[in-house]
Amino acid sequence: MAEIWIVNFSINSQQFTDEELLKKLPESTVNRALRYLKKENFLSFVIGRLLLKKAILESEYSSFLIENITYSDNGKPSFTNVNFSISHSNGYVVLIFGTVFQVGIDIEKRKDIDLKLFKYLFTDSEWKIIMQDKSPLDRFYWYWVRKEALLKTVDCSLKELEGLEIFEDYGIYKDQRYYFKPFEFNPEFNGVIAMEEEMDVNVKFIELETLLK
């Protein structure tokens with residue numbers, strides 16, 4: 001069983017200065033964090049890396065260093081032979097770490113949006129299902145988190161998003177099947193994992209203060 005670690009930094013992040021948040025991270029990660037101009041993006045990245053650091057230290061991979069993260073051409077981060085995925089939305093950061101197979105995680109807070117602006121990202125059959133649903137917005141987000149999670153798992157670009165086939169419990173990319181595992185943590189959000197192999201998951205909430213100890 002894998003664990004999904006979740007931090008809600010919207011509650012108490014103002015208690016900590018940027019310096020307090022950054023001092024636990026290596027220089028290369030700090031430099032990357034400082035590229036973010038928007039405060040929420042900065043906090044999401046920094047807390048994601050603090051969460052990853054804690055997960056590493058409490059795992060069988062405690063010798064790993066976050067400065068040894070490598071990035072694919074599409075920007076997917078990973079360690080050699082060990083995978084992780086991070087997502088963030090509206091004050092939440094979530095992490096899954098330590099799988100030897102490919103994995104991707106995504107969360108989104110449901111908001112009122114103009115759905116037609118996103119039509120190009122879906123197949124004709126998916127769009128038809130969305131628009132015929134009794135709640136098109138809810139069905140849109142149901143699809144969206146699965147597409148995003150699968151995109152992270154297979155490491156493809158946004159231009160290939162329409163090529164991801166989404167079904168109830170699995171998705172397909174280039175004739176390979178990947179499995180979905182939805183998880184709940186806030187009724188206003190959708191969350192899902194996409195993975196090469198099926199597994200059970202457990203949700204664990206982490207307080208921001210514990211990441212700074």
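**Close-up views of a predicted model**

**View 1. Asp 175 in the loop between β8 and β9.** Asp 175 is placed in the loop that runs between β8 (170-173) and β9 (176-182); helices (H or I, at least four residues) and strands (E, at least two) are DSSP runs, numbered from the N terminus. Although Asp 175 is not a glycine, its phi is positive, about 70°. With 80% relative accessibility, Asp 175 counts as exposed; buried means under 20% relative accessible area, exposed over 50%, and partly exposed in between (1.4 Å probe, protein chains only). The model is predicted, so that local features need pLDDT of at least 70 and side-chain atom pairs count only at pLDDT 80 or more, while totals for chains, interfaces and linings use all residues. Residues are numbered from 1 along each chain as its sequence is written, and side-chain values use heavy atoms, with hydrogens and water left out.

**View 2. Asn 81 in the loop between β3 and β4.** Asn 81 is found in the loop between β3 (77-78) and β4. Asn 81 is not a glycine, yet has a positive phi of about 70°. Its relative accessible area is 63%, and Asn 81 is therefore exposed.

**View 3. Ile 11 and Leu 208.** The loop between β1 and α1 holds Ile 11, which is exposed, with a relative accessible area of 66%. Along the chain, Ile 11 and Leu 208 are 197 residues apart, and their C-alpha atoms are separated by 9.2 Å.

**View 4. The largest nonpolar core.** A nonpolar core is a set of buried Ala, Val, Leu, Ile, Met, Phe, Trp, Tyr and Cys residues joined through side-chain atoms within 4.5 Å. The largest one has 33 residues, of which Val 46, Leu 52 and Phe 97 touch the most other members. Two or more residues each come from β1 (2-8), α1 (18-22), α2 (27-33), α3 (39-57), β4 (83-89) and β5 (92-99). The greatest contribution to this core, 10 residues, is that of α3. Not counting residues up to four places away in sequence, Val 46 touches Leu 21, Leu 22, Leu 25 and Ala 33 (contact means heavy atoms within 4.5 Å). Another core lies apart from this one and has 25 residues, including Ala 149, Leu 151, Leu 164 and Phe 180.

**View 5. Lys 147 in helix α5.** Lys 147 belongs to helix α5 and is buried, with a relative accessible area of 0%. A polar atom of the Lys 147 side chain lies 3.1 Å from the backbone oxygen of Leu 164. Not counting residues up to four places away in sequence, Lys 147 touches Leu 121, Phe 122, Glu 126, Leu 161, Glu 162, Leu 164 and Ile 166.

**View 6. The largest pocket.** On a 1 Å grid over the protein atoms alone, a pocket is an open set of points where a 1.4 Å probe fits, with protein on both sides within 12 Å along at least five of seven lines; lining residues have an atom within 4 Å of a point. The largest pocket holds about 820 Å³ of space. Its lining comprises 26 residues, and Gly 75, Ile 86, Ser 87, His 88 and Lys 152 are the closest to its centre. Elements that give two or more residues to this lining are α3, β4, β6 (103-109) and α5 (136-154).

Notes. Grid points are joined across faces, edges and corners, and a volume is the space filled by probe spheres set on the points. A polar contact is a pair of N or O atoms within 3.5 Å; within protein, one must be able to donate a hydrogen and the other to accept it, and residues adjacent in sequence count only if both atoms are side-chain atoms.
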